[in-house]
Amino acid sequence: MNAHVVPCTDLAEYRERADAWTEGLPFPVLSGPSLDRYRSLFPEGELPRVETAPRAGTVISVGGDAGAAGRLLAAATGRTHRVVEPAGLARALAPLAGELVAVVGLAEDITASGDWPGAHGPVVGVVTARDLTALTCLVYRSLTAGAASEDRVFVATHPMLEDADLADTNEFEDILELGRRRPKLLVLKALGKECCAALPDGILCGRSDPIDAPPPPADPSYRHMPCMYGAGCHRADLDEDRRLPAAELHATVVFTHSCSSIAVGTNAYPHHVALGLGLLEGTAVAVVGALGVHIVQRGAQGDLEDALAEDLPLGRAVERLNERARPINGWLNRFGLLGDPGLVLGLPGGRAADAVAGAAEPAGAAEPADAAVRRDEEAVRDLAHLSNVVLPRLERLCWLEPGVDALAVEGFRIRVREAAEDLQAPDLASRVAGIETDLAAFQHATAAAIAHDIYVNGWNYGGPSLDGLREVSQRPMTCPNCARDRAALITMRHVVHAGLTVRTLQCRRCGDLWWTSEESDEPAFVLEGALDTDAVSGRVTGLSRTLRNDSEHVLRGGIGFAFAMRRFLGLPPEISAPISVLPGEKEEFTAEIDLVGHQPRPDVHTGVFIAIVNGAYIASSSMMRLAPAGSSEPVRPPETNFR
């Protein structure tokens, strides 16, 4: 038996030893793959002694199975401990606003609590795992965090991201080397989602089992990756040796910048494929990562390094990240912590964070009302709407979508100005109608071009303007897709173009719901429809959105749908159509998805409905959960519509 650790072979033994443990006794850990991986860092075979220095905060265990692990963590660090059921977690956290709280529990119990625990006020770190063997080892590693760790930072960055030339590597081969070394801080700036972080030549995978192993049963309401159907990795362009299970990567702390790398409590995919949980089955003691859709912020790495160098507890370090990110990207730059928030890791040196400051927003000037008497008031009102609303929106759209023909937009501006030179001309109404007709055709062509670009190159609402957008308000919302109070309506404004406003509805579980460039607080025209749609290979599936017009003007333009960056994966191409909706009415658009002539792999295929109407750019996310032929479609309650 190891002098400092006693491996336990069953839960009863573990609980008994945990209840009896005091400083000086061997520390109990359940035997399993996580302990074996940690043991590999100590070639002489002697596992390290736990460190019992006091840590700030409180420990709360969720669910009975995690109680023994939480009690050990609290006892070793001088903190109070309590056990709650998942349904009572939010109530237990509410009085602890601003305090450091280590929430200890299995991932499924955290998810059963209904939300990311950090949403309830305290500065939370979630000490979690997919099973008890990994959870008990994580508690042990967090109490021996200083062992077998190199005092260095290693940065791996996708080559298309900012500052890629400053990273230690842009290549997957160098990440494989981390299977043999263990930096104190590993920074991963990659493209990804809950299940993975990817570079062009390789992928870090959340699964800890072989890719062809039968997965455990999962709720059909989750989004399922191809591997969950036995169809291999969704990165079909990579050989198996280009897929590294996250558990095989060595690091003390991992800082991930890929979207939804921390999704415990808000996971849209099964925990079996979760990247953050995979990392915690390796040798990491903590994962700092993105909550939901994420815009990489250049200064965040320096902020974290400085906080660690100042010996801030991990929870306070992540709190600093969020405080400094909030004025820049707000909701789209939120970080969470998997690991003990009271742990002081330390890091030699530290790197000064980039100075980033938001610009002051100039106040908008009110348009003067035109009170003059006109012979054709309706035509004048329509022309004014084109000049003061529709064309300014299209001019702003040139900032959001650089492929928009700015010269054509300027041509419409000239036509409107020329029509306004004689507001009593007998042909004014016909001239205005001609401008509206041509403008509708232009917007349809623009929507078609955007849909095609989404299909070929992917979707990036806002394009080059994202760096200039700053969050100006955030309003809690009930997510219309999952019907839970974990969404927010985010308003962003451009620091250079004060009139450029973007709104988006984001959910901590479901991700993107919709985006719009319409300037009103309550959008007057919206796309409604179900986010997740089930489909089966070998059939024709209809994906639909309804365009609702709550404005006092006729909506004219184009609408389209495209699967994001799926041209090379066998998905049908984009589709678009002109659309016109009278005030107070609705029009439905259905994209017929031919899964007979096209045979893509089973996967969660991300799609986007986009509409360019009356100058505004509306986008609505869609997830087609494609199952293999012969699969039965799950029976579920009626889908909630969202706008």
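Predicted model: local features only at pLDDT ≥ 70, side-chain atom pairs only at ≥ 80, totals over all residues.
**View 1. Strand β5 and its covered residues.** Strand β5, which spans residues 100-106, is mostly covered, with 7 of its 7 residues buried. Leu100, Ala102, Val104 and Leu106 point one way from the strand, while Val101, Val103 and Gly105 point the other way, and the residues of both groups are buried.

**View 2. The parallel neighbours of β5.** Strand β3, made up of residues 58-62, runs parallel to β5 and is joined to it by 5 bridges, and within this pairing threonine 58 stands opposite valine 101 of β5. Strand β6, residues 123-129, also pairs with β5 in the parallel sense, here over 7 bridges, and valine 101 stands opposite valine 124 of β6.

**View 3. An open antiparallel sheet.** An open sheet of 3 strands has the order β20-β22-β25, with antiparallel pairing. Its edge strands, each of which pairs on one side only, are β20 (525-528) and β25 (586-594). On average, and with direction ignored, neighbouring strands of this sheet are turned by 20 degrees against each other.

**View 4. The pairing of β22 with β25.** Strand β22, residues 540-549, pairs with β25 in the antiparallel sense over 9 bridges. In this close-up, arginine 548 can be followed to its bridge partner in β25, which is lysine 586.

How values were computed:
Residues numbered from 1 in each chain as written. Heavy atoms only, no water. Buried < 20%, exposed > 50% of the residue type's maximum accessible area, 1.4 Å probe, protein only. Helix = DSSP H or I, 4+ residues; strand = E, 2+ residues; numbered from the N terminus. Pairing = 2+ DSSP bridges. Axes fitted to C-alpha atoms, helices over the stretch in contact; angles between N-to-C directions.
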